[in-house]
Amino acid sequence: MGICFRILLLFGSCWIISGEPLLLYANRRDLRIVDVAHEKANATVVVGGLEDAAAVDYVYSQGLIYWSDVSEEAIKRTFFNQSGASTAQTVVPGLAAPDGLACDWLGKKLYWTDSDTNRIEVAELDGSLRKVVFWQELDQPRAIALDPERGFMYWTDWGEVPKIERAGMDGTNRSMIINKDIHWPNGLTVDYGQQKLYWADAKHNFIHRSNLDGSSREVVVKGELPHPFALTLYEETLFWTDWNTHSIHSCRKQTGREQRIVHSHIFSPMDLHVFSPKRQPVSRSSPCSQNNGGCSHLCLLSPTRPFYRCACPTGVQLLEDEKTCRDGATQMLLLARRTDLRQISLDTPDFTDIILQVDDIRHAIAIDYDPVEGYVYWTDDDVKAIRRSLLDGSDAQFVVTSQVNHPDGIAVDWIARNLYWTDTGTDRIEVTRLNGTMRKILISEDLDEPRAIVLDPVAGYMYWTDWGEVPKIERADLDGMERVVMVNTSLGWPNGLALDYDERKIYWGDAKTDKIEVLNMNGTGRRVLVEDKLPHIFGFSLLGDYIYWTDWQRRSIERVHKHTADREFIIDQLPDLMGLKATHVNEAFGTNRCAENNGGCSHLCLHTPQGVHCGCPNGLELISDLQTCIVPEAFLLFSRHTDIRRISLETNNNNVAIPLTGVKEASALDFDVTDNRIYWTDITLKTISRAFMNGSALEHVVQFGLDYPEGMAVDWLGKNLYWADTGTNRIEVAKLDGQHRQVLVWKDLDSPRALALDPAEGYMYWTEWGGKPKIDRAAMDGTGRITLVSDVGRANGLTIDYAERRLYWADLDTTLIESSNML
């Protein structure tokens, strides 16, 4: 009986196609429908502009057409009715090689094979509630076909042992039904009426059939097929695509006779199906159609009573009522790869990795998790930032974006709500609140290549590895004080570090010695746990009885039982593996005084073994109550060659380093109070630089033409920068950003050294260390030069008392501090 379709093409023309059968096929670049009842019928494009469409199927009752795109690594769909096809929608992203696709029109599910990950998966028709059905003993699964009325699915396998298998659509009753005289089993289709299974073999060039259990195998077409790919049936006719002939062929399904080409000149024929409601019979209602079978999530058809089974999304456990799924995974492995983040549930045995939907990950390295708020934190070495997002990829945020160079380690203090990280570029350990505010440098001295960092917030300690010239594992209080070297012998590249809080042990992985070792937290009992087949450990984590790690060379994630040393692979052959974190998803343990009211601290609460230590962000100072941080109105800046430090003149706090990178030999210093910026000269780098007091926005304002810039001063009124260069014997000026540079004084200068300005009066003062040491004065444009003090030694540290109108300096020869009036 004929059926009429009115199909709207993408370019706007209308075609009338009548009769049956209609064949829907994938052509790599598009999907097409052709009426094979007409010998010269043209194919109608349903969806065009595709990358690499391979598998195709449909749900006739809902007007849905699905296809897999191997290039885009996704499964897509479109609504198709008398008015044509709608915009394509991606329903399953993040696949590797989705070669096979099948729609359960009765239970309203989507099944597919992935020949790269060697999985068979299922999801709702919209791609939600995705679940791995099979993941073991699969080796390049290819075609897949469903028999929803009987609850079975069938698939071909192209691996070292080619075969055809079947199982319940719920994952039960798996069996191998064909494993002899088979090599490249491409196409697969089911004759529902006669209960037969048909398949094509592209190596042996035949089409065979059997009963649905694999018995009574018969030859349909023998040795006459160049390269058959996909199969489909309609009543008494069998159709297949052929790669060599670029055509669709047909024959009588019972005898294989009456072979003919029904459609030719196809660009690249792939999968095909007869597009008809007769190929999707419904003789009974689905047991999942009413109230979803009572299932909280997936209701999957089954070959055995009650002919359905409830199932959960990948990684989620089914509760004892066999109807309800948990809210989500309880234990999880979080993985940082270079360009994506992945999560692996540890609740179920399939260990399926799911990509977090976060954009613009360039080079992720370290990863950690906050079980309290559910945020994943990671470092990105390319964008030089620390970021976070929720587990579903939503609410992605940048947490720290400045003064981040090579952030290799990261750790969450889930009690005090702080974030710690190591940076092998700046050679620092820093801390902020979890939202990136209140940043503070904790350790900046005697760090060479700090890498992994882990916290014990209940005890108040942090531990980190350093794989510099003297590799070591260190410990300090969470405020950075009381440093102790735990291990400094027989180490190479200690990449990974993990704490066993229950048994009070430290575990680490070394990428140079190729060992996993353990030590008691009191420093005793060091021993080797694993020393075989560990070519390059990087990421490292511990949860429960297992230690997890990534290996760069093996491209794998493994775990080992900490007591029995039994090992197993979690994932094999996944490139670009970096850090990982094994964690409870919603369970946090322990407490300390920082958990209540932030320990009474106005800013950072840092728990130590001695109790709460309130910390202040860079630029703030702690007042005498030891709880409150303020912005000091007066402070002392001084350089120590490789860093610049400050001391509050109000609170008398210990000096702290300004967070600046790349300082080699800082000499002259000045400060622009109107802009809150520090300026300094570096006589090794031969530069003049500036940065804000918090260390941000560091820039070199003068980089060329300097030799030994010993003197420098800021004109805070004219917004100019002055400096004296002992090597070039010049005094120069430029705008504060280094622009419009000009030489002011160059004649009769003999080793100018210290420089001071009096912008209100328009004078500059400098010292000279040459043959006749002296102190000179000139107008700030270089004119009107006079000698102010002639009988001095090597005068250094020139400064002005503007209120008393006096000039002060230190004489290195007499070791005295002297002064004179400014006239």
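1. E558 is buried, with a relative accessibility of 2%, where buried stands for under 20% relative accessible area, exposed for over 50%, and partly exposed for what lies in between (1.4 Å probe, protein chains only). Its salt-bridge partner is R554, with the closest N and O atoms 3.1 Å apart; a salt bridge here is a side-chain nitrogen of Lys or Arg within 4 Å of a carboxyl oxygen of Asp or Glu. R554, by contrast, counts as partly exposed at 23% relative accessibility.

2. Please keep in mind that this is a predicted model, in which local features need pLDDT of at least 70 and side-chain atom pairs count only at pLDDT 80 or more, while totals for chains, interfaces and linings use all residues. Residues are numbered from 1 along each chain as its sequence is written, and side-chain values use heavy atoms, with hydrogens and water left out.

3. The whole structure holds 52 salt bridges, and one of them joins the side chains of E710 and R753 at 2.4 Å, N to O. Because E710 belongs to strand β65 (residues 709-715) and R753 to strand β69 (residues 752-758), this pair ties together parts that are 43 residues apart in sequence; helices (H or I, at least four residues) and strands (E, at least two) are DSSP runs, numbered from the N terminus. E710 is buried at 14% relative accessibility, and R753 is buried at 15%.

4. Two further cases deserve a look. K774 and D776 form a salt bridge whose closest N and O atoms are 3.5 Å apart, and both residues are buried. Elsewhere, salt bridges link R119, R337, D340, R342 and D353 in a network.

5. D500, in strand β45 (residues 494-500), is buried, with a relative accessible area of 3%. Its side chain reaches the backbone nitrogen of D502 at 3.2 Å and that of E503 at 3.1 Å; a polar contact is a pair of N or O atoms within 3.5 Å, where within protein one must be able to donate a hydrogen and the other to accept it, and residues adjacent in sequence count only if both atoms are side-chain atoms. Not counting residues up to four places away in sequence, D500 touches K505, Y507, M521, L542 and K562, contact meaning heavy atoms within 4.5 Å.

6. The largest nonpolar core has 53 residues, and those with the most contacts inside it are Y66, I75, L110 and M153; such a core is a set of buried Ala, Val, Leu, Ile, Met, Phe, Trp, Tyr and Cys residues joined through side-chain atoms within 4.5 Å. A second, separate core of 31 residues includes A26, V34, W67 and F80. In soluble globular proteins, nonpolar side chains tend to be buried together.

7. Y802 sits in the loop between β73 (795-801) and β74 (806-811), and is partly exposed at 37% relative accessibility.

8. G256 is found in the loop between β25 (247-252) and β26 (260-263), yet counts as buried at 7% relative accessibility. Leaving aside neighbours within four places in sequence, G256 is in contact with V220, V221 and C251.
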